[in-house]
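Reader: I'd like to learn how to read a structure like this. Can we start with the sheet and then move to the charged pairs?

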Amino acid sequence: MSSTVSTPRGILSPTRLGSYGSPDAGSSVSFTPLEPDFNDGDETDLHSVSWNQDYGCFAAGTSNGFRIYNCEPFKETFRRDLKSGGFRIVEMLFRCNILVLVGGVDNSQYPPNKVMIWDDHQSRCIGEFSFRSEIRAVKLRRDRIVVVLEHKIYIYSFRDLKLLHQIETLSNPRGLCCLSHHQNTSVLACPGLQRGQVRIEHFGLIMTKIINAHDSHIACFTLTMDGLLLATSSTKGTLIRIFNTMDGTRLQEVRRGVDRADIYSIALSPNVQWLAVSSDKGTVHIFSLRVRGVGMNLSTHSNASQGPALFQQNSSNSLEPLISPNTGANSSSSLSFMKGVLPKYFSSEWSFAQFRLPEDTQFITAFGSQNTLIIVGLDGSFYRCSFDPVNGGEMLQQEYVRFLKIDSRPGLSCGNTSF
């Protein structure tokens, strides 16, 4: 599999997103600029939704272009409606002006095998990658661009777009891939070459770790911001497991349910105290985590110029599991005291808090401030709910917004760190 890269003037330093006018259709560069179309009718379809790296914003790829939304408070930040068609993948870089776009099948200008690096401050394309097969996902951090194909992952330098690494994977139609976002830890998670495997690349340590996470194929996973914890689920969708990415140790296992489910999203709270899971069963579950890493009290929202609190990735002891104080406990069976005698199901940890959603829609989740969970659906819905950190139970809906009216939803995908 080969790729080609084009850059008109090189990659420039990103700046924080601000207020913009319409794209400059007369920009004189070697790429055709995006052509605006301000006809915002009711025929817009939602192709994808994806979080930015600190979960403070999300991007929506539509049949007409893309839109960016702020979560707290909820508001549309800006949009680009185009004549050429929509985008299937829209990836933000924190809150800066750089976005990565991959066109949908209906985009006459940018096909699904081309990555476009878009500078919204200059209203022009500043780089492109072209591949021979369809792009499954693109992931960003401040120093890397990661392009995911079905059987291969390409890792590029953000500064000059030079190819740094190539990784072979098992068939990966979901485009599963995750990155850490600390400056002092450079970690990538992707499917391995065998069923149920997750491959961890610690680039700063020049170390690869293979974690045999599940017996079935991997369906979803996510990393903590520092990349030292990994949460995974398989295509069975019943169990979620948490691993130490340094040595592959399994630290905790929680149970979503008994029936098979398609897991759409796994989210970890910034303080690694909570884990949230959404699936096709229509219930979002929150679990209390008993594992925490030293130094993992992170700021929930960071921006492109101010990173969160960092710590060095130089010791295998930096992820020594600890019992979390002052947190609620997950539910368990009344027969859990007979662990080792009865089947494993009876000793499982069940969810601590729950929120009910429509079963026919894909949702992605992220933790907000003050014990809240943010949920975004491919039906154009936005929820903010709160949960009791001591007693758990049913979450309370605090906010609901229909940010896009959807009549039909062809070829939709949740494009976060998990699906």
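Author: Helices (H or I, at least four residues) and strands (E, at least two) are DSSP runs, numbered from the N terminus, and two strands pair if DSSP finds at least two bridges between them. This is a predicted model, where local features need pLDDT of at least 70, side-chain atom pairs count only at pLDDT 80 or more, and totals for chains, interfaces and linings use all residues. Residues are numbered from 1 along each chain as its sequence is written, and side-chain values use heavy atoms, leaving out hydrogens and water.

Reader: In what order do the four strands of the open sheet come?

Author: Strands of a sheet pair through backbone hydrogen bonds, either parallel or antiparallel. Here the order is β14-β15-β16-β17, with antiparallel pairing. The edge strands, β14 (178-179) and β17 (207-212), each pair on one side only. Strand β16 (residues 197-202) pairs with β17 over six bridges, and Gln 197 stands opposite Asn 212 in β17.

Reader: How many salt bridges does a search of the whole structure find?

Author: A salt bridge is a side-chain nitrogen of Lys or Arg within 4 Å of a carboxyl oxygen of Asp or Glu. The search finds 20. In one of them, Asp 120 and Arg 80 have their closest N and O atoms 2.7 Å apart. Asp 120 lies in the loop between β8 (114-119) and β9 (124-131) and Arg 80 in strand β5 (residues 75-81), so the pair ties together parts 40 residues apart in sequence.

Reader: Is Asp 120 buried or exposed?

Author: Buried means under 20% relative accessible area, exposed over 50%, and partly exposed in between (1.4 Å probe, protein chains only). Asp 120, at 0%, is buried, and Arg 80 is buried at 6%.
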